[in-house]
Amino acid sequence: MNYQMNTSIHSRPWGRTLLGLGSVAVLGATALAGFAKPAPKGKGLEKNSYFQRIATFPIFRNSDIDNETVSEIVDASKDGNTLVYTDSGLEAIGFVDLSDPANPQPDGIFAVNGEPTSVAVAGRYALAAVVTDGTFTDPQGELVVIDIKKRTSVATFDLGGQPDAAAVSPDGRFAAVVIENE
């Protein structure tokens, strides 16, 4: 079975946001919290404001249509030109070039040698939470720090358990990783 999620780019009067279609409830909340820009001071949102899709990117374009791809979590570079997503089917972090939002382009993948459960962007780095061993009695995982432009691993941290989610503080000084150990 080939699981594929399209990532759609939406525009609206007060800015640009990203929304994954495969998991609208989860990614919609993430996209709104992480990417939405508030309306300029003194200006409220119109009651009839809505998202308008301007492009769709099928993630298999970063590999091959015959590969099983399973993307779930998405984040974007601060400048909004690079989308970073997890792909547990390929055991990789994927990248999409959004320099032309109406025409997103595949920008490659980075193998993380395990199931990525979350990704968060911190400046020029992507922090990937990765399950490295799926055993129930001895869950293991690591945080892989990836240089987004060079596509190289610059650090790996043993998490002592199975990671579920990663986040970066707004000022970029702190990262938090939730250990699930399901």
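## Basis of the model

Because the model is predicted, local features need pLDDT of at least 70 and side-chain atom pairs count only at pLDDT 80 or more, while totals for chains, interfaces and linings use all residues. Residues are numbered from 1 along each chain as its sequence is written, and side-chain values use heavy atoms, with hydrogens and water left out.

## Overall make-up

The protein contains 1 helix and 13 strands. Helices (H or I, at least four residues) and strands (E, at least two) are DSSP runs, numbered from the N terminus. Along the sequence, the elements follow the pattern β-β-α-β-β-β-β-β-β-β-β-β-β-β.

Of the 182 residues in the protein, 39% are buried. Buried means under 20% relative accessible area, exposed means over 50%, and partly exposed lies in between (1.4 Å probe, protein chains only). The accessible surface is about 10,000 Å², and carbon and sulfur atoms account for 51% of this surface. Accessible areas come from the Shrake-Rupley method with a 1.4 Å probe; for residues, only the protein chains shown count as cover. Among contacts between residues at least 6 apart in sequence, 41% join residues at least 24 apart; a contact means heavy atoms within 4.5 Å.

Strands of a sheet pair through backbone hydrogen bonds, either parallel or antiparallel.

Strand 6 (residues 92-97) pairs with strand 7 in the antiparallel sense over 5 bridges. Two strands pair if DSSP finds at least two bridges between them. Aspartate 97 has glutamine 105, in strand 7, as its bridge partner.

## Two loop residues with positive phi

Most residues other than glycine have a negative phi. Glutamate 91 has a positive phi, near 50°, and sits in the loop between strand 5 (82-87) and strand 6. Its relative accessible area is 38%, so glutamate 91 is partly exposed.

Arginine 151 also is not a glycine and has a positive phi, of about 55°. This residue is in the loop between strand 10 (140-147) and strand 11. With 22% relative accessibility, arginine 151 counts as partly exposed.

Aspartate 158 belongs to strand 11 (residues 152-158) and is exposed, because its relative accessible area is 67%. Leaving aside neighbours within four places in sequence, aspartate 158 is in contact with Gly141 and Glu142. A polar atom of its side chain lies 2.9 Å from the backbone nitrogen of glycine 160. A polar contact is a pair of N or O atoms within 3.5 Å; within protein, one must be able to donate a hydrogen and the other to accept it, and residues adjacent in sequence count only if both atoms are side-chain atoms.

Threonine 117 lies in strand 8 (residues 115-122) and is buried, because its relative accessible area is 14%. A polar atom of the threonine 117 side chain is 3.1 Å from the backbone oxygen of proline 163. Leaving aside neighbours within four places in sequence, the contacts of threonine 117 include Ile73, Thr86, Val131 and Pro163.
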